[in-house]
Amino acid sequence: MSHTINAALVGYGFAGQTFHAPFLTSTPGLSLGWVVSRDAAKVQSDLPGCRVGSLAEVLADPSVDLVVIATPNDTHAPIAREALLAGKHVVIDKPFALDLAEAKALVDLAEKQQRLLSIFHNRRWDGDFLTVRRLLAEGALGQVAQFESHFDRYRPEVGPPGRAAGGPGAGRRVGLGPPNQDHAPPPVGPP
C-alpha cells in the first residue's frame, strides 16, 4: 500500500480504547492522528503524540481520510452524517444506526458523497465464528437445526452498565448482535 490512511477516532471509552485504537495503531497503512475524547490525559497516556480535540477540529482537518466512530449508540448516525458531509470515509462501531430509516439515509449520503461507509462488527471476524461459517459453507455439520453461543466476560467488580444502560440504542443485544445478513447495509463506496 503506497498511501497511508490517516484516521481519527471519535470516542475513547471501552470500545475506542480496547478495539479501535489498537487496530488503528498496529495496522500497516493506517495512522491514528486524532482522538475525540473528553479525557485528553487518558488518551495522551496511551497514545503519546496523538492529537486530542473536538469533532469540529477533526472534520476540518484536510489530512483526515477516515473517521472511526466509537461513541454511545444513539450518536453513531449523527456523527457519521457530519463526517460524510465533511468528505470523510466512515467506519461505525455496531450498531450502525438505531433504525432502518437512519441506516438507509446514511447509505444514501455515502453514495452521494462517494465515500466509503462501513460497520465494525468485531465478533464477525473472530476465529470461532469464521470456523463455524466455514463448516456451514462446506456442509460439514449437516443440516443445522439450532446453534447456541454465548460470550463470557470476567469482571472482578460489577461496574456501571455503560452501553447496557437505558436509552435509545442501548442494551447488550443491540451492542453485540450483528444484524441479519439479509438486511445489513452493505459497505458502500466509490466504484
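Leaving aside its neighbours within four places in sequence, which residues is Val-67 in contact with? They are Ala-8, Val-10, Val-58, Leu-59, Ala-83, Lys-88, His-89, Val-90 and Val-91, where contact means heavy atoms within 4.5 Å. This is a predicted model, in which local features need pLDDT of at least 70 and side-chain atom pairs count only at pLDDT 80 or more, while totals for chains, interfaces and linings use all residues. Residues are numbered from 1 along each chain as its sequence is written, and side-chain values use heavy atoms, with hydrogens and water left out.

Val-67 also belongs to the largest nonpolar core, which has 25 residues. A nonpolar core is a set of buried Ala, Val, Leu, Ile, Met, Phe, Trp, Tyr and Cys residues joined through side-chain atoms within 4.5 Å; buried means under 20% relative accessible area, exposed over 50%, and partly exposed in between, with a 1.4 Å probe and protein chains only. The residues with the most contacts inside this core are Val-67, Val-90, Ile-92, Phe-96, Leu-106 and Leu-117. Among the elements that give two or more residues to the core are strand E1 (5-10), strand E2 (30-36), strand E4 (66-69) and helix H5 (100-113). Helices (H or I, at least four residues) and strands (E, at least two) are DSSP runs, numbered from the N terminus. A second, separate core has 17 residues, including Ala-7, Tyr-12, Leu-24 and Val-43. In soluble globular proteins, nonpolar side chains tend to be buried together.

The strands come next. Six of them form an open sheet in the order E3-E2-E1-E4-E5-E6, with parallel pairing; two strands pair if DSSP finds at least two bridges between them. Strand E3 (51-53) and strand E6 (117-120) are the edge strands, each pairing on one side only. From one strand to the next, the twist averages 25 degrees. E1 and E2 run parallel and are joined by six bridges; Ala-8 has Trp-34 in E2 as its bridge partner. Helix H1 (residues 14-26) lies across E1, E2, E4, E5 and E6 and runs at about 150 degrees to E2. For such angles, axes are lines fitted to C-alpha atoms, for helices over the stretch in contact, and the values run from 0 to 180 degrees between N-to-C directions.

Asp-61, in the loop between H3 and E4, counts as buried because its relative accessible area is 11%. The side chains of Asp-61 and Trp-34 are joined by a polar contact of 2.7 Å. A polar contact is a pair of N or O atoms within 3.5 Å; within protein, one must be able to donate a hydrogen and the other to accept it, and residues adjacent in sequence count only if both atoms are side-chain atoms. Leaving aside neighbours within four places in sequence, Asp-61 is in contact with Trp-34, Arg-51 and Lys-88.

Two other loops have backbone features to note. Pro-95 is in the loop between E5 and H5, and the peptide bond from Lys-94 to Pro-95 is cis, with omega near -5 degrees. Gln-114, in the loop between H5 and E6, has a positive phi near 55 degrees. Most residues other than glycine have a negative phi, and most peptide bonds are trans. Gln-114 is partly exposed, with a relative accessible area of 49%.
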